[in-house]
Amino acid sequence: MVRLTGESERCFVMNQKIALCLMLVALLASSAVFASHHEAEYDKLADNWEAAYNNEGAAAVAALYLEDGMRMPPDMPIAEGRAAIQAQVQGGMDQGLAKVDIEMVESMVSGEVGIARGTFKGSDADGNTMTEGKWMSVSKWVDGKWQIHADIWNMDAPAAVVE
């Protein structure tokens, strides 16, 4: 074992501090890249929801939620869990809501939690607008992907009365 003294010891300590600082900078830079990747993926979640609804069906929409996820529709009980979410989404489809257009207005990501809000428009098979409104959701980064924990929405106007 070599024992350092005087100037050699000061240089050794300084090199250790520099190495520690460089490792810290690298760690911070990699976490920023990781966070920005999370955020970029999060901003795709609304588009993925729209595509699942319009092209794949209620099961594909439900798969975007956590196993214990929930939807909070207006004037209805909470749909908890993927099976209930699938049934709730299918109910809208069965009532003629053939297509949704979703716009994300704002999103925020902090670590493994994301919050978003936006607007939506729902149309029937002929393209007639059935409903318009706004939504908000909370999602979590789980197993390498964003999954919706909970969402809530309401309409800009009362729902039309079907006679």
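Colleague: How many helices and strands are there in the protein?
Modeller: Helices (H or I, at least four residues) and strands (E, at least two) are DSSP runs, numbered from the N terminus. Here the protein has 4 helices and 6 strands, and along the sequence they follow the pattern α-α-α-β-β-α-β-β-β-β. This is a predicted model, where local features need pLDDT of at least 70 and side-chain atom pairs count only at pLDDT 80 or more, while totals for chains, interfaces and linings use all residues. Residues are numbered from 1 along each chain as its sequence is written, and side-chain values use heavy atoms, with hydrogens and water left out.

Colleague: In which sense do β3 and β4 pair?
Modeller: Two strands pair if DSSP finds at least two bridges between them. Strand β3 (residues 99-110) and strand β4 (residues 113-123) do this over 11 bridges, in the antiparallel sense. Met 104 stands opposite Gly 118 in β4. The hairpin of β3 and β4 has 2 residues between the strands, and Gly 111 takes a positive phi near 65° there.

Colleague: Which residues of the largest nonpolar core touch the most other members?
Modeller: A nonpolar core is a set of buried Ala, Val, Leu, Ile, Met, Phe, Trp, Tyr and Cys residues joined through side-chain atoms within 4.5 Å. Buried means under 20% relative accessible area, exposed over 50%, and partly exposed in between (1.4 Å probe, protein chains only). The largest core has 26 residues, and those touching the most other members are Trp 49, Tyr 53, Val 61, Tyr 65, Val 89, Ile 102 and Trp 135. Two or more residues each come from α2 (45-56), α3 (58-62), α4 (82-94), β3, β4, β5 and β6. The largest share, 5 residues, is that of α2.

Colleague: What does Trp 49 touch?
Modeller: Contact means heavy atoms within 4.5 Å. Leaving aside residues up to four places away in sequence, Trp 49 touches Val 61, Leu 64, Tyr 65, Arg 71, Val 100, Ile 102, Ile 148 and Asp 151.

Colleague: Arg 71 and Asp 151 are on that list. How far apart are their closest N and O atoms?
Modeller: Side chains of opposite charge can pair when their charged atoms come close. A salt bridge is a side-chain nitrogen of Lys or Arg within 4 Å of a carboxyl oxygen of Asp or Glu. Asp 151 and Arg 71 form one, with their closest N and O atoms 3.4 Å apart. Asp 151 lies in strand β6 and Arg 71 in strand β1, so this pair ties together parts 80 residues apart in sequence. Asp 151 counts as buried at 8% relative accessibility, and Arg 71 counts as buried at 6%.

Colleague: And where do Arg 82 and Glu 67 lie?
Modeller: Their side chains meet in a salt bridge (2.8 Å, N to O). Arg 82 is in helix α4 and Glu 67 in strand β1 (residues 65-72), 15 residues apart. Arg 82 is partly exposed at 24% relative accessible area, whereas Glu 67 counts as exposed at 54%. The structure holds 6 salt bridges.

Colleague: Which residues make the nonpolar surface patch?
Modeller: Patches are made of residues with over 30% relative accessible area and no salt bridge: like charges are joined within 9 Å, nonpolar side chains (Val, Leu, Ile, Met, Phe, Trp, Tyr) within 5 Å. Accessible areas come from the Shrake-Rupley method with a 1.4 Å probe; for residues, only the protein chains shown count as cover. This patch, of about 460 Å², is made by Met 108, Val 113, Ile 115, Met 136, Val 138 and Ile 152. At least two of its residues come from each of β4 and β5 (129-142). Ile 152 lies in strand β6 (residues 145-155) and is partly exposed, at 42% relative accessible area.
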